[in-house]
Amino acid sequence: MAESSATYDVVVAGAGVGGLAAAHALGARGLRVLLLEKQRQPVAIAKGEVLQPSSIRILREWGVLPELRDRGAVQLDRLVIREADGREVMVFDYAALAGQGHHLLSHDYSEILGVLADGLADEVEWRRGALVKDLSRDASGRTDGVVVGEGDRTYEVRAPLVVAADGLSSRLRKLAGITTDPVEYAHRLASFELSGGPELPSEVSAYLTDRGLRLLYPLPGNRIRLYVQVGADELRGIKKDELTAWCDGLAADAPSLRPLLDSLRASLDTRQLLKLWRFTASRMSVPGLAMVGESAHAVHPMAAQGMNTAIADAHALAGLVGDGPLQKSAVDAALASYQKERAGWVRHIDRMSHDATRMITDTSWAGKVIGRRMLRHTSRNSRLRYVATYNMAGLGIRPFTVLDRMHQLGLPDPRAGRTPAWA
(Lines give C-alpha, C1' and ligand atoms only; values in the text may rest on other atoms or scores of the structure.)
Protein backbone atom coordinates (compact mmCIF):
# COMPACT_ATOMS: atom_id res chain seq x y z
CA MET A 1 0.00 0.00 0.00
CA ALA A 2 1.19 3.50 -0.81
CA GLU A 3 1.51 5.99 2.02
CA SER A 4 -0.71 9.07 2.08
CA SER A 5 0.04 11.59 -0.63
CA ALA A 6 1.77 14.98 -0.60
CA THR A 7 0.80 17.74 -3.02
CA TYR A 8 2.92 19.86 -5.37
CA ASP A 9 2.24 21.96 -8.45
CA VAL A 10 4.57 19.85 -10.60
CA VAL A 11 6.32 16.49 -10.35
CA VAL A 12 9.32 16.03 -12.66
CA ALA A 13 10.56 12.45 -13.15
CA GLY A 14 14.21 12.33 -14.19
CA ALA A 15 17.12 14.69 -13.50
CA GLY A 16 18.97 14.61 -16.80
CA VAL A 17 19.18 17.81 -18.80
CA GLY A 18 15.48 17.71 -19.75
CA GLY A 19 14.30 17.17 -16.18
CA LEU A 20 16.66 19.70 -14.62
CA ALA A 21 15.79 22.27 -17.29
CA ALA A 22 12.06 21.71 -16.67
CA ALA A 23 12.49 21.94 -12.88
CA HIS A 24 14.58 25.09 -13.30
CA ALA A 25 12.13 26.82 -15.63
CA LEU A 26 8.97 25.82 -13.75
CA GLY A 27 10.44 26.56 -10.33
CA ALA A 28 11.45 30.01 -11.54
CA ARG A 29 7.75 30.72 -12.11
CA GLY A 30 7.07 30.22 -8.42
CA LEU A 31 5.64 26.71 -8.78
CA ARG A 32 6.26 24.07 -6.12
CA VAL A 33 8.22 21.40 -7.99
CA LEU A 34 9.26 17.94 -6.82
CA LEU A 35 12.19 16.59 -8.87
CA LEU A 36 12.63 12.81 -8.62
CA GLU A 37 15.72 10.91 -9.81
CA LYS A 38 16.17 7.16 -9.46
CA GLN A 39 20.00 7.35 -9.48
CA ARG A 40 21.57 8.35 -6.17
CA GLN A 41 24.68 9.58 -8.00
CA PRO A 42 24.89 10.90 -11.57
CA VAL A 43 26.30 8.51 -14.17
CA ALA A 44 29.14 9.93 -16.27
CA ILE A 45 28.40 9.68 -19.98
CA ALA A 46 29.95 11.27 -23.07
CA LYS A 47 26.89 13.06 -24.45
CA GLY A 48 25.19 16.41 -24.43
CA GLU A 49 28.33 18.55 -24.50
CA VAL A 50 27.62 21.05 -27.30
CA LEU A 51 25.09 23.86 -26.84
CA GLN A 52 23.57 25.41 -29.95
CA PRO A 53 22.81 29.17 -30.21
CA SER A 54 19.14 28.53 -29.40
CA SER A 55 20.05 26.92 -26.07
CA ILE A 56 22.61 29.61 -25.26
CA ARG A 57 19.84 32.17 -25.69
CA ILE A 58 17.61 30.24 -23.24
CA LEU A 59 20.39 29.78 -20.68
CA ARG A 60 21.08 33.50 -20.88
CA GLU A 61 17.39 34.21 -20.23
CA TRP A 62 17.47 31.84 -17.23
CA GLY A 63 20.50 33.62 -15.81
CA VAL A 64 22.79 30.57 -15.76
CA LEU A 65 24.98 31.34 -18.77
CA PRO A 66 27.54 33.42 -16.82
CA GLU A 67 28.09 30.52 -14.42
CA LEU A 68 28.65 28.12 -17.32
CA ARG A 69 31.22 30.49 -18.79
CA ASP A 70 32.87 30.89 -15.39
CA ARG A 71 33.25 27.11 -15.27
CA GLY A 72 35.30 27.24 -18.45
CA ALA A 73 32.84 26.59 -21.30
CA VAL A 74 34.65 26.73 -24.65
CA GLN A 75 33.26 28.93 -27.43
CA LEU A 76 33.12 27.26 -30.84
CA ASP A 77 32.38 29.38 -33.90
CA ARG A 78 31.91 26.81 -36.64
CA LEU A 79 30.94 23.26 -37.50
CA VAL A 80 33.20 22.13 -40.35
CA ILE A 81 32.78 19.00 -42.47
CA ARG A 82 36.18 17.97 -43.80
CA GLU A 83 37.74 15.40 -46.06
CA ALA A 84 39.97 12.86 -44.34
CA ASP A 85 43.02 14.97 -45.23
CA GLY A 86 41.51 18.09 -43.64
CA ARG A 87 40.18 19.92 -46.70
CA GLU A 88 36.93 21.78 -46.02
CA VAL A 89 33.81 20.37 -47.65
CA MET A 90 31.06 22.31 -45.84
CA VAL A 91 31.21 25.07 -43.22
CA PHE A 92 28.41 26.01 -40.85
CA ASP A 93 29.56 29.51 -39.83
CA TYR A 94 27.35 30.59 -36.92
CA ALA A 95 28.78 34.12 -36.84
CA ALA A 96 27.38 34.67 -40.36
CA LEU A 97 23.79 34.37 -39.13
CA ALA A 98 21.73 37.53 -38.71
CA GLY A 99 21.92 38.93 -35.19
CA GLN A 100 24.83 39.13 -32.81
CA GLY A 101 26.93 36.63 -30.94
CA HIS A 102 25.83 33.35 -32.53
CA HIS A 103 28.19 30.51 -31.64
CA LEU A 104 28.38 27.14 -29.92
CA LEU A 105 29.58 26.31 -26.41
CA SER A 106 31.12 23.04 -25.31
CA HIS A 107 31.39 21.71 -21.77
CA ASP A 108 31.06 18.45 -19.88
CA TYR A 109 27.50 17.19 -19.58
CA SER A 110 27.94 17.05 -15.79
CA GLU A 111 28.87 20.73 -15.71
CA ILE A 112 25.84 21.72 -17.77
CA LEU A 113 23.67 19.75 -15.36
CA GLY A 114 25.53 21.41 -12.51
CA VAL A 115 24.74 24.98 -13.52
CA LEU A 116 21.06 24.07 -13.96
CA ALA A 117 21.01 22.38 -10.55
CA ASP A 118 22.78 25.25 -8.80
CA GLY A 119 20.23 27.67 -10.24
CA LEU A 120 17.14 25.79 -9.01
CA ALA A 121 14.65 27.97 -7.17
CA ASP A 122 13.90 27.41 -3.50
CA GLU A 123 10.50 26.07 -4.61
CA VAL A 124 12.18 22.99 -6.11
CA GLU A 125 12.67 19.93 -3.90
CA TRP A 126 15.01 17.24 -5.23
CA ARG A 127 14.89 13.62 -4.11
CA ARG A 128 17.59 11.23 -5.34
CA GLY A 129 17.15 7.48 -5.22
CA ALA A 130 13.41 7.91 -5.81
CA LEU A 131 11.89 5.76 -8.58
CA VAL A 132 8.56 6.66 -10.17
CA LYS A 133 6.75 3.33 -10.26
CA ASP A 134 3.32 4.33 -11.55
CA LEU A 135 1.04 7.21 -12.44
CA SER A 136 -1.83 8.29 -10.19
CA ARG A 137 -5.13 9.16 -11.81
CA ASP A 138 -8.27 10.96 -10.72
CA ALA A 139 -11.81 9.68 -11.15
CA SER A 140 -11.88 10.78 -14.80
CA GLY A 141 -8.68 8.86 -15.61
CA ARG A 142 -6.57 12.01 -15.90
CA THR A 143 -2.97 11.82 -14.66
CA ASP A 144 -2.74 13.77 -11.40
CA GLY A 145 0.42 12.48 -9.75
CA VAL A 146 2.83 9.58 -9.35
CA VAL A 147 3.54 6.59 -7.16
CA VAL A 148 7.12 6.68 -5.87
CA GLY A 149 9.37 3.96 -4.50
CA GLU A 150 12.16 5.22 -2.27
CA GLY A 151 14.09 2.64 -0.28
CA ASP A 152 11.51 0.47 1.44
CA ARG A 153 8.83 3.17 1.18
CA THR A 154 6.10 3.54 -1.43
CA TYR A 155 4.11 6.77 -1.45
CA GLU A 156 1.95 8.93 -3.69
CA VAL A 157 2.59 12.49 -4.79
CA ARG A 158 -0.26 14.51 -6.26
CA ALA A 159 0.26 17.32 -8.75
CA PRO A 160 -1.80 18.93 -11.54
CA LEU A 161 1.23 18.51 -13.84
CA VAL A 162 3.59 15.56 -14.22
CA VAL A 163 6.66 15.97 -16.44
CA ALA A 164 8.20 12.80 -17.89
CA ALA A 165 11.94 13.34 -18.34
CA ASP A 166 12.97 9.76 -17.65
CA GLY A 167 14.95 9.04 -20.80
CA LEU A 168 14.90 6.77 -23.82
CA SER A 169 13.17 3.85 -22.10
CA SER A 170 10.70 6.15 -20.32
CA ARG A 171 8.46 4.26 -17.90
CA LEU A 172 6.06 7.21 -17.72
CA ARG A 173 5.68 7.33 -21.49
CA LYS A 174 4.57 3.70 -21.48
CA LEU A 175 2.29 4.15 -18.47
CA ALA A 176 0.61 7.09 -20.23
CA GLY A 177 -0.04 4.94 -23.30
CA ILE A 178 2.15 7.07 -25.57
CA THR A 179 3.80 4.98 -28.28
CA THR A 180 7.10 5.18 -30.14
CA ASP A 181 8.61 3.38 -33.11
CA PRO A 182 12.35 3.46 -32.34
CA VAL A 183 14.88 2.72 -35.07
CA GLU A 184 18.43 1.79 -34.11
CA TYR A 185 21.23 2.99 -36.38
CA ALA A 186 23.40 0.17 -37.71
CA HIS A 187 26.61 1.79 -36.49
CA ARG A 188 27.82 2.90 -33.06
CA LEU A 189 29.91 5.82 -31.85
CA ALA A 190 33.00 5.10 -29.80
CA SER A 191 33.76 8.08 -27.56
CA PHE A 192 37.18 9.02 -26.18
CA GLU A 193 38.25 11.89 -23.93
CA LEU A 194 41.77 12.95 -24.86
CA SER A 195 44.05 14.98 -22.58
CA GLY A 196 47.19 16.87 -23.44
CA GLY A 197 46.72 16.79 -27.20
CA PRO A 198 47.38 19.60 -29.66
CA GLU A 199 45.36 22.79 -29.40
CA LEU A 200 42.33 22.61 -31.68
CA PRO A 201 40.66 25.43 -33.60
CA SER A 202 37.43 26.86 -32.13
CA GLU A 203 35.15 24.54 -34.05
CA VAL A 204 33.51 21.16 -34.24
CA SER A 205 35.31 19.17 -36.95
CA ALA A 206 33.68 16.20 -38.68
CA TYR A 207 35.99 14.15 -40.91
CA LEU A 208 34.63 12.02 -43.76
CA THR A 209 36.44 8.72 -44.18
CA ASP A 210 35.79 5.53 -46.10
CA ARG A 211 34.84 3.88 -42.80
CA GLY A 212 32.62 6.67 -41.53
CA LEU A 213 32.57 9.71 -39.30
CA ARG A 214 35.35 10.96 -37.04
CA LEU A 215 34.18 13.99 -35.05
CA LEU A 216 36.10 16.06 -32.53
CA TYR A 217 35.91 19.32 -30.60
CA PRO A 218 37.74 20.96 -27.69
CA LEU A 219 36.57 20.71 -24.07
CA PRO A 220 37.77 22.82 -21.13
CA GLY A 221 41.14 22.01 -19.61
CA ASN A 222 42.94 21.28 -22.89
CA ARG A 223 40.81 18.17 -23.41
CA ILE A 224 39.34 16.85 -26.65
CA ARG A 225 36.22 14.82 -27.31
CA LEU A 226 36.66 12.34 -30.15
CA TYR A 227 33.82 10.27 -31.60
CA VAL A 228 34.59 7.45 -34.01
CA GLN A 229 31.92 5.71 -36.08
CA VAL A 230 32.30 1.94 -35.70
CA GLY A 231 30.42 -1.15 -36.71
CA ALA A 232 28.05 -2.72 -34.21
CA ASP A 233 30.56 -5.45 -33.32
CA GLU A 234 33.81 -3.75 -34.34
CA LEU A 235 35.11 -3.28 -30.80
CA ARG A 236 33.41 -6.23 -29.17
CA GLY A 237 35.92 -8.22 -27.11
CA ILE A 238 38.87 -6.26 -28.46
CA LYS A 239 42.06 -6.55 -26.36
CA LYS A 240 44.24 -3.61 -25.41
CA ASP A 241 47.04 -4.42 -27.88
CA GLU A 242 44.45 -4.83 -30.62
CA LEU A 243 42.89 -1.50 -29.63
CA THR A 244 46.29 0.18 -30.04
CA ALA A 245 46.53 -1.23 -33.57
CA TRP A 246 42.97 -0.06 -34.18
CA CYS A 247 44.09 3.47 -33.26
CA ASP A 248 46.80 3.28 -35.90
CA GLY A 249 44.08 2.44 -38.41
CA LEU A 250 42.21 5.64 -37.49
CA ALA A 251 45.24 7.70 -38.43
CA ALA A 252 45.52 5.81 -41.71
CA ASP A 253 41.85 6.54 -42.46
CA ALA A 254 42.13 10.22 -41.59
CA PRO A 255 45.68 11.63 -41.79
CA SER A 256 44.50 14.81 -40.08
CA LEU A 257 44.06 12.81 -36.86
CA ARG A 258 47.73 11.73 -36.68
CA PRO A 259 48.69 14.55 -34.24
CA LEU A 260 46.12 13.09 -31.82
CA LEU A 261 47.45 9.55 -31.93
CA ASP A 262 49.65 9.63 -28.82
CA SER A 263 46.88 11.27 -26.78
CA LEU A 264 44.37 8.74 -28.05
CA ARG A 265 46.57 5.79 -27.08
CA ALA A 266 46.93 7.27 -23.58
CA SER A 267 43.16 7.75 -23.28
CA LEU A 268 41.89 4.33 -24.28
CA ASP A 269 40.45 3.70 -20.81
CA THR A 270 38.00 6.60 -21.34
CA ARG A 271 36.27 4.67 -24.13
CA GLN A 272 32.48 4.53 -24.14
CA LEU A 273 30.44 2.79 -26.83
CA LEU A 274 27.15 4.50 -27.61
CA LYS A 275 24.14 2.87 -29.24
CA LEU A 276 22.26 5.31 -31.44
CA TRP A 277 18.50 5.62 -31.74
CA ARG A 278 16.03 7.67 -33.70
CA PHE A 279 12.37 8.13 -32.71
CA THR A 280 9.65 10.65 -32.00
CA ALA A 281 6.81 9.76 -29.65
CA SER A 282 3.26 9.71 -30.97
CA ARG A 283 2.43 12.60 -28.63
CA MET A 284 4.28 15.17 -26.52
CA SER A 285 1.52 15.34 -23.91
CA VAL A 286 -1.73 13.90 -22.59
CA PRO A 287 -3.99 15.51 -19.96
CA GLY A 288 -1.94 15.97 -16.83
CA LEU A 289 1.41 14.85 -18.32
CA ALA A 290 4.04 16.42 -20.57
CA MET A 291 7.15 14.79 -21.97
CA VAL A 292 10.49 16.53 -22.45
CA GLY A 293 13.82 15.42 -23.87
CA GLU A 294 14.66 11.81 -24.65
CA SER A 295 11.42 10.50 -23.18
CA ALA A 296 9.77 12.09 -26.23
CA HIS A 297 12.42 12.08 -28.97
CA ALA A 298 15.89 10.83 -29.83
CA VAL A 299 18.21 11.80 -32.66
CA HIS A 300 21.69 10.89 -33.83
CA PRO A 301 24.24 13.05 -31.96
CA MET A 302 26.08 14.11 -35.13
CA ALA A 303 23.96 17.27 -35.47
CA ALA A 304 24.11 18.07 -31.71
CA GLN A 305 20.35 18.47 -31.31
CA GLY A 306 19.31 16.09 -28.53
CA MET A 307 20.21 18.14 -25.43
CA ASN A 308 19.29 21.37 -27.18
CA THR A 309 15.81 20.14 -28.08
CA ALA A 310 15.30 19.03 -24.46
CA ILE A 311 16.17 22.52 -23.19
CA ALA A 312 13.77 24.03 -25.75
CA ASP A 313 11.03 21.62 -24.61
CA ALA A 314 11.42 22.77 -21.01
CA HIS A 315 11.48 26.44 -22.00
CA ALA A 316 8.32 26.12 -24.09
CA LEU A 317 6.46 24.13 -21.42
CA ALA A 318 7.20 26.63 -18.65
CA GLY A 319 6.14 29.53 -20.83
CA LEU A 320 2.80 27.90 -21.61
CA VAL A 321 1.98 26.66 -18.11
CA GLY A 322 2.47 30.05 -16.51
CA ASP A 323 2.48 30.88 -12.82
CA GLY A 324 0.86 29.05 -9.92
CA PRO A 325 -1.12 27.83 -8.24
CA LEU A 326 -1.98 25.43 -11.06
CA GLN A 327 -5.48 24.25 -11.87
CA LYS A 328 -6.11 21.08 -13.85
CA SER A 329 -8.20 22.74 -16.56
CA ALA A 330 -5.60 25.46 -17.17
CA VAL A 331 -2.80 22.88 -17.19
CA ASP A 332 -4.58 20.75 -19.78
CA ALA A 333 -5.17 23.78 -22.01
CA ALA A 334 -1.45 24.58 -21.74
CA LEU A 335 -0.56 20.97 -22.55
CA ALA A 336 -2.73 21.05 -25.67
CA SER A 337 -0.80 24.14 -26.77
CA TYR A 338 2.48 22.43 -25.91
CA GLN A 339 1.54 19.48 -28.08
CA LYS A 340 0.70 21.76 -30.97
CA GLU A 341 3.83 23.88 -30.62
CA ARG A 342 6.43 21.19 -30.03
CA ALA A 343 5.26 18.26 -32.19
CA GLY A 344 6.10 20.00 -35.47
CA TRP A 345 9.41 21.26 -34.15
CA VAL A 346 10.46 17.81 -32.98
CA ARG A 347 9.58 16.27 -36.35
CA HIS A 348 11.67 18.98 -38.05
CA ILE A 349 14.67 18.28 -35.79
CA ASP A 350 14.30 14.55 -36.39
CA ARG A 351 14.30 14.93 -40.17
CA MET A 352 17.13 17.47 -40.21
CA SER A 353 19.33 15.37 -37.92
CA HIS A 354 18.66 12.19 -39.87
CA ASP A 355 19.37 13.81 -43.24
CA ALA A 356 22.63 15.28 -41.94
CA THR A 357 23.57 11.94 -40.42
CA ARG A 358 23.00 10.03 -43.65
CA MET A 359 25.20 12.43 -45.62
CA ILE A 360 28.03 12.02 -43.11
CA THR A 361 27.83 8.38 -41.97
CA ASP A 362 26.66 6.37 -44.98
CA THR A 363 29.65 4.20 -45.96
CA SER A 364 28.11 2.58 -49.04
CA TRP A 365 29.56 3.63 -52.40
CA ALA A 366 26.35 5.35 -53.48
CA GLY A 367 25.85 6.94 -50.07
CA LYS A 368 29.33 8.44 -50.03
CA VAL A 369 29.04 9.82 -53.58
CA ILE A 370 25.59 11.35 -53.02
CA GLY A 371 26.41 12.66 -49.54
CA ARG A 372 29.57 14.44 -50.60
CA ARG A 373 27.89 15.84 -53.70
CA MET A 374 25.07 17.32 -51.60
CA LEU A 375 27.51 18.76 -49.08
CA ARG A 376 29.66 20.43 -51.76
CA HIS A 377 26.73 21.94 -53.64
CA THR A 378 25.22 23.19 -50.37
CA SER A 379 28.54 24.75 -49.42
CA ARG A 380 28.82 26.58 -52.76
CA ASN A 381 25.27 27.94 -52.49
CA SER A 382 25.11 30.89 -50.06
CA ARG A 383 21.35 30.62 -49.66
CA LEU A 384 21.29 26.89 -48.89
CA ARG A 385 24.30 27.20 -46.62
CA TYR A 386 22.55 29.93 -44.63
CA VAL A 387 19.37 27.87 -44.29
CA ALA A 388 21.32 24.80 -43.17
CA THR A 389 23.23 26.80 -40.55
CA TYR A 390 20.06 28.51 -39.31
CA ASN A 391 18.32 25.16 -38.88
CA MET A 392 21.34 23.60 -37.17
CA ALA A 393 21.46 26.54 -34.75
CA GLY A 394 17.90 25.76 -33.66
CA LEU A 395 16.72 29.31 -34.33
CA GLY A 396 13.66 28.31 -36.34
CA ILE A 397 12.12 25.91 -38.83
CA ARG A 398 13.14 26.43 -42.45
CA PRO A 399 13.03 22.95 -44.03
CA PHE A 400 14.54 22.36 -47.45
CA THR A 401 12.01 22.05 -50.26
CA VAL A 402 12.11 19.41 -52.98
CA LEU A 403 13.62 22.05 -55.27
CA ASP A 404 16.28 22.80 -52.68
CA ARG A 405 17.18 19.11 -52.62
CA MET A 406 17.60 19.19 -56.39
CA HIS A 407 19.91 22.20 -56.05
CA GLN A 408 21.92 20.21 -53.48
CA LEU A 409 22.38 17.53 -56.12
CA GLY A 410 23.62 20.04 -58.69
CA LEU A 411 20.61 21.69 -60.37
CA PRO A 412 21.59 25.35 -61.01
CA ASP A 413 20.03 27.75 -58.50
CA PRO A 414 19.44 31.36 -59.66
CA ARG A 415 19.16 32.41 -56.00
CA ALA A 416 22.43 30.74 -54.96
CA GLY A 417 24.26 34.01 -54.20
CA ARG A 418 21.51 35.55 -52.11
CA THR A 419 20.79 35.50 -48.42
CA PRO A 420 17.19 34.29 -47.90
CA ALA A 421 14.69 37.15 -47.83
CA TRP A 422 13.30 36.04 -44.45
CA ALA A 423 16.76 36.35 -42.88
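**Notes on a buried isoleucine and some aromatic rings**

1. Ile56 is buried, its relative accessible area being 3% (buried means under 20%, exposed over 50%, partly exposed in between, with a 1.4 Å probe and protein chains only). Please keep in mind that this is a predicted model, where local features need pLDDT of at least 70, side-chain atom pairs count only at pLDDT 80 or more, and totals for chains, interfaces and linings use all residues. Residues are numbered from 1 along each chain as its sequence is written, and side-chain values use heavy atoms, with hydrogens and water left out.

2. Ile56 belongs to helix H2, residues 53–62 (helices are DSSP runs of H or I with at least four residues, numbered from the N terminus). Leaving aside residues up to four places away in sequence, Ile56 touches Leu51, Leu65, His103, Leu104 and Leu105 (contact means heavy atoms within 4.5 Å). Its C-alpha atom is 9.1 Å from that of Asn308, which is 252 residues away along the chain.

3. Now to the rings: there are four aromatic pairs (rings of Phe, Tyr and Trp, the last by its six-membered ring, pair if their centres lie within 6.5 Å; planes under 30 degrees apart are stacked, over 60 edge-to-face, the rest tilted). Tyr386 and Trp422 form an edge-to-face pair, because their centres are 5.9 Å apart and their planes stand at 65°. Tyr386 lies in helix H11 (382–392) and Trp422 in the segment after helix H12 (402–408), so the pair ties together parts 36 residues apart in sequence.

4. Tyr386 is buried at 13% relative accessible area, whereas Trp422 is partly exposed at 32%. Ring pairs link Tyr386, Tyr390 and Trp422 into a cluster.

Note on methods
Helix = DSSP H or I, 4+ residues; strand = E, 2+ residues; numbered from the N terminus.
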